Amino acid sequence: MTQVVSKRSGADGDDVVLLAVPASPAYLGVLRTATAGLAARLQFTLDEIEDLRIAVDEACAMLLAVASETPQLGDTVELSCRFTVTADALAVETTVPLGSPDERLPGGESFAWQVLSALADEVSATVDGHQASIRLTKRRPA
């Protein structure tokens, strides 16, 4: 199931778009398309849009590798994506439930992290006992 919700959040009026898809590589195209559409709203260049699409794809692939195969609620494991559109940046936070509490994302020296760091202005990850998240931010040049 794909769910899209757009709302205003916070006093600054940032747009927030929430998108949840089954945790499967077959649905990454949906997230890449959403990324491109939101980046275009910010008037990113075609190269910047493509960089963001690749970064989101790479982040999701990293998360799918550690995702649970057993649904916690409902009938599918979901990969959720939160897009925050500000006046000059697009932040994308992707999250999956972990397969086990011992799962870890690749380290900062891995090829995947090097790709993310090269394509986004800010990259961070969090892993707790139940879920893993990767957050990317791309800013428009001044």
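## The overall picture

What you have here is a predicted model, where local features need pLDDT of at least 70, side-chain atom pairs count only at pLDDT 80 or more, and totals for chains, interfaces and linings use all residues. Residues are numbered from 1 along each chain as its sequence is written, and side-chain values use heavy atoms, with hydrogens and water left out.

The protein chain has three helices and six strands. These are DSSP runs numbered from the N terminus, with at least four residues (H or I) for a helix and at least two (E) for a strand. Follow the sequence and you get the pattern β-β-α-α-β-β-α-β-β.

Of the chain's 142 residues, 40% count as buried; that means under 20% relative accessible area, while exposed means over 50% and partly exposed is in between (1.4 Å probe, protein chains only). A contact is a pair with heavy atoms within 4.5 Å. Among contacts with a separation of 6 or more, 60% come from residues 24 or more positions apart.

## The nonpolar core

A nonpolar core is a set of buried Ala, Val, Leu, Ile, Met, Phe, Trp, Tyr and Cys residues joined through side-chain atoms within 4.5 Å. The largest one here has 39 residues, and those touching the most other members are Leu31, Leu79, Phe83, Leu90, Leu116, Ile134 and Leu136. At least two core residues each come from strand E2 (14-22), helix H1 (28-41), helix H2 (46-64), strand E3 (78-85), strand E4 (89-97), helix H3 (111-119) and strand E6 (131-139). H2 gives the most, with nine residues.

Let's zoom in on Leu116. Leaving out residues up to four places away in sequence, Leu116 touches Ala55, Glu58, Ala59, Met62, Val123, Ile134 and Leu136.

## How the helices pack

How do H2 and H3 cross? Their axes come within 9 Å and cross at roughly 150°, which makes H2 roughly antiparallel to H3. Axes are lines fitted to C-alpha atoms, for helices over the stretch in contact, with angles from 0 to 180 degrees between N-to-C directions. Under 35 degrees counts as roughly parallel, over 145 as roughly antiparallel, 65 to 115 as roughly perpendicular and the rest as oblique. The crossing of H2 and H3 is left-handed, meaning the near helix is turned anticlockwise from the far one by less than a right angle (clockwise would be right-handed). On the H2 side the contact includes Ala55 and Met62, and on the H3 side Trp113 and Leu116.

H1 and H2 pack at an angle of about 145°, with axes 9 Å apart, and their crossing is right-handed. Leu31 and Ala36 of H1 are among the residues making this contact, as are Leu52 and Val56 of H2.

## Two residues worth a look

Gln43 is found in the loop between H1 and H2. Gln43 isn't a glycine, yet it has a positive phi of about 60°. Most residues other than glycine have a negative phi. Is Gln43 buried or exposed? Gln43 is exposed, with a relative accessible area of 66%.

Ala89 sits in strand E4 and is buried, with a relative accessible area of 4%. Ala89 and Arg139 are 50 residues apart along the chain, but their C-alpha atoms are separated by 4.2 Å. Setting aside neighbours within four places in sequence, Ala89 is in contact with Leu42, Thr84, Thr137, Lys138 and Arg139.
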